[in-house]
Amino acid sequence: MGSSNLTFAFGEKSPPYSSSIDERAVGLFPDLVQLTFNFIPGYTTEHVVVPWARAQYNVRRGLTDGLLTYPSEERQEYATFSARPLFTQDFGHLVYSADNPNIGLIESATSFTELSSLTVVVERGSQWEEDNIPDYLERVPGRDMKAMMHLLMLREAGDFMVQPAEDARFIARQLGYSKKLRVRKVDFIPNSRIPFHIGVSRQLPSAMSVINEVDAAMQNPEFQSELNTLIESYR
C-alpha cells in the first residue's frame, strides 16, 4: 500500500497539551497522536502548531488532515472521529495550597455546598466554569492559568480552583509552586470529564479507512499500556 502522510493540527498556546518549541509541536496531544500512528503501519504523521481557530478551519476545508479534540456536533459535520476517546480531560479536581488555612474543609468536602464559605479562583470568560461552578460561591477571576495560580498561591486571593490535574501541576512547576501545590480528586463536579477523540477531515478520501485503523490500534493491549504510561507522565 505504500506510506501515506497525514498532517495533524494543534493549538499553539495550550500547554501542557500542545504548544510550539522552535516551530516544533510539543505536548501531550502531539505525543498521543504520534503514539497512535506508531501502531498503524503505512501511515506517517506531521504535526503543525497554529492558532486553534485556524486549526479547525483548515481541517474543515481539508487543508490539514486531522486534529485531536472534543467531537462536538459542529466538528462532526466536517470530521470523522474515532469511536473511543484517546484522552479524557478531567476537571474533577480541587486545586489549592498546602498553606491554606481552610485546607481541612477543602480536603473533607463532599459537595460544593460545603465549600460555600470559600472563594474559588476562576478563569475570566470560562463558559464551562459559569455552567458548572455554583453561583453562590464567591469568585476571583484571573485572565489565564498563570494569573489564576498567582492569585491562589502568591496573593492568597482565593481558596481553591477547579482544574485538570495536568494543567495545575504544569503551571505550578513553571511558576515554582510545586512544593505547596495540592490536588484533590472529587466526584461532585458536574460535566467534569471531556473526551478528546482523533478526528480526520471528511475532505480526505481515505478518512473512514484512517479512523478504522485508529479504532483497531486502540484495541491493542500494548497500545493501551503505552497510552496509560504516556498520560501518567504528564500528571
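Residues are numbered from 1 along each chain as its sequence is written, and side-chain values use heavy atoms, with hydrogens and water left out. In this predicted model, local features need pLDDT of at least 70 and side-chain atom pairs count only at pLDDT 80 or more, while totals for chains, interfaces and linings use all residues.

We can begin with the backbone. Helices (H or I, at least four residues) and strands (E, at least two) are DSSP runs numbered from the N terminus. P15 and P16 are joined by a cis peptide bond, with omega about 5 degrees. P16 belongs to the loop between strand 2 (13-14) and strand 3 (18-21). E23 sits in the loop between strand 3 and strand 4 (24-26), and N191 in the loop between strand 13 (181-185) and strand 14 (193-201). For accessibility, buried means under 20% relative accessible area, exposed over 50%, and partly exposed in between (1.4 Å probe, protein chains only). With a relative accessible area of 81%, E23 is exposed; N191, at 57%, is exposed as well.

Strand 3 and strand 4 run antiparallel and are joined by three bridges. Here I21 stands opposite R24 in strand 4.

Turning to the aromatic side chains, a search of the whole structure finds 10 aromatic pairs. Rings of Phe, Tyr and Trp (its six-membered ring) pair if their centres lie within 6.5 Å; planes under 30 degrees apart count as stacked, over 60 as edge-to-face and the rest as tilted. The ring centres of F29 and F87 are 5.9 Å apart and their planes lie at 65 degrees, so this pair is edge-to-face. It links distant parts of the chain, with F29 in helix 1 (residues 28-38) and F87 in strand 8 (residues 87-90), 58 residues apart. F29 is buried at a relative accessible area of 7%, and F87 is buried at 1%. Another edge-to-face pair is formed by F37 and Y43, at 6.3 Å centre to centre and 70 degrees between the planes. F37 is buried, with a relative accessible area of 3%, and Y43 counts as buried at 12%. Ring pairs also link Y17, F29, F87 and F196 into a cluster.

In soluble globular proteins, nonpolar side chains tend to be buried together. A nonpolar core is taken as a set of buried Ala, Val, Leu, Ile, Met, Phe, Trp, Tyr and Cys residues joined through side-chain atoms within 4.5 Å. The largest nonpolar core has 31 residues, of which L28, F29, L32, F37 and I198 touch the most other members. Two or more residues each come from strand 1 (4-11), helix 1, strand 14, helix 8 (207-217) and helix 9 (221-233). Helix 1 gives the largest share of this core, six residues. Leaving aside neighbours within four places in sequence, L32 is in contact (heavy atoms within 4.5 Å) with L68, L86, F87, L227, L230 and I231. Apart from this core lies another, of 18 residues, among them F91, L94, F112 and W128.

Finally, there is the largest pocket. On a 1 Å grid over the protein atoms alone, a pocket is an open set of points where a 1.4 Å probe fits, with protein on both sides within 12 Å along at least five of seven lines; lining residues have an atom within 4 Å of a point. Grid points are joined across faces, edges and corners, and a volume is the space filled by probe spheres set on the points. About 650 Å³ of space lies in the largest pocket. Its lining has 22 residues, of which K13, E123, M145, Q163 and D167 lie nearest the centre. At least two lining residues each are supplied by strand 2, helix 5 (127-132), helix 6 (145-153) and helix 7 (165-175). The largest share of the lining, four residues, comes from helix 7.

How values were computed. Pairing = 2+ DSSP bridges.
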